[in-house]
Amino acid sequence: MTDIKRKNIYLYTRYERFWHWLQAALIMILLVTGFEINGTFSLLGFATAVRVHNVTGITWLIAFAFFAFWVFTTGEWKQYIPTTKKMVAVVRYYAYGIFKGETHPVPKRREAKHNPLQRLTYLSLAALLLPLQMLSGLLYWLYNSWAEYGLSGLSLSPLALVHTALAFAILSFFIVHVYMTTTGHSVLAHTKAMITGWEEVSEGEHVEDWEKKAV
């Protein structure tokens, strides 16, 4: 891999980087305070943990709304269109090829930031997992007002179970995501890119039509 020629490209906009690190911080705070509320450990104290969790959750919801607006108004939603093309090759690369020093089967470019596995993962996260977690958290927060909103038929116990299960799913993604940041051409390459916006990519690799973002 040391013989591969690389070039710097501006891959992540200022807003993308801001949203990425803001969301990471918010999710970490929510996980820590959420698990404390559930009695896993004691750090801030129950009452403080609840207040911090609630404020952080509402902040996350508002920030996510801005992100959704940005994705659709800039056309970046096209980066998340799922595809099965080269999916097997990408899975094989992460399971085997990466440990043999093979090059990534899907080159990263400005018009194609995410490989097929990332597209499916990020789409599932942004369109399903995170909205469900936010909805369950919002319902939890509004528990004392359920009758006013005609939600008396809901039960708190199943809602709490769903909210906790989704939290574990997000934590699992967070752990895997942190590991995946170390799989670039150097351990800190992807992290550096998400700080500066610039990433080193291999030169001369053909980008197929399906990988190009539609105009």
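The model is predicted, so local features are taken only where pLDDT is at least 70 and side-chain atom pairs count only at pLDDT 80 or more, while totals for chains, interfaces and linings use all residues. Residues are numbered from 1 along each chain as its sequence is written, and side-chain values use heavy atoms, with hydrogens and water left out.

**Overall fold**

The protein contains 6 helices and 2 strands, where helices (H or I, at least four residues) and strands (E, at least two) are DSSP runs numbered from the N terminus. In sequence order these elements give the pattern β-α-α-α-α-α-α-β. The C-alpha trace spans about 60 × 40 × 30 Å along its principal axes. Of the contacts (heavy atoms within 4.5 Å) between residues at least 6 apart in sequence, 72% join residues at least 24 apart.

**Surface and charge**

Of the 215 residues in the protein, 34% are buried; here buried means under 20% relative accessible area, exposed means over 50%, and partly exposed lies in between, with a 1.4 Å probe and protein chains only. The protein exposes about 12900 Å², and carbon and sulfur atoms supply 68% of that area, as computed by the Shrake-Rupley method with a 1.4 Å probe, where for residues only the protein chains shown count as cover. The mean positions of the 19 positive and 14 negative charges are 2 Å apart. In this count Lys and Arg are positive and Asp and Glu negative, with His and the chain ends not counted, and each charge is placed at NZ of Lys, CZ of Arg, CG of Asp or CD of Glu.

**Helices H1 and H6**

Helix H1 (residues 14-37) packs with helix H6 (residues 189-196) at an angle of about 115 degrees, and their axes are 8 Å apart; the axes are lines fitted to C-alpha atoms over the stretch in contact, and angles run from 0 to 180 degrees between N-to-C directions. On the H1 side the meeting residues are Glu16, Arg17, His20 and Trp21, and on the H6 side they are Thr191, Ala193, Met194, Ile195 and Thr196. By class, this contact has 4 nonpolar, 3 polar and 2 charged residues, with Ala, Val, Leu, Ile, Met, Phe, Trp, Tyr, Cys and Pro counted as nonpolar, Asp, Glu, Lys and Arg as charged, and the others, Gly among them, as polar.

**Single residues**

Gly45 is found in the loop between H1 and helix H2 (46-74), and Lys86 lies in the loop between H2 and helix H3 (87-95). Lys86 has a positive phi of about 65 degrees although it is not a glycine, and it counts as partly exposed because its relative accessibility is 28%.

Arg110 is found in the loop between H3 and helix H4 (116-141), and with a relative accessibility of 28% it counts as partly exposed. Leaving out residues up to four places away in sequence, Arg110 touches Ile9, Tyr10, Leu11, Thr13, Glu76 and Gln79.

Ala160 lies in helix H5 (residues 156-180) and counts as buried because its relative accessibility is 19%. Glu200, in strand E2 (residues 198-202), is partly exposed, with a relative accessible area of 35%. Apart from neighbours within four places in sequence, Glu200 is in contact with Arg6, Lys7, Asn8 and His185.

The table sets sequence separation beside the C-alpha to C-alpha distance for several residue pairs.

| Pair | Separation in sequence | C-alpha distance |
|---|---|---|
| Gly45 and Gly101 | 56 residues | 48 Å |
| Ala160 and Thr73 | 87 residues | 35 Å |
| Arg110 and Gln79 | 31 residues | 9.7 Å |
| Glu200 and Thr56 | 144 residues | 34 Å |
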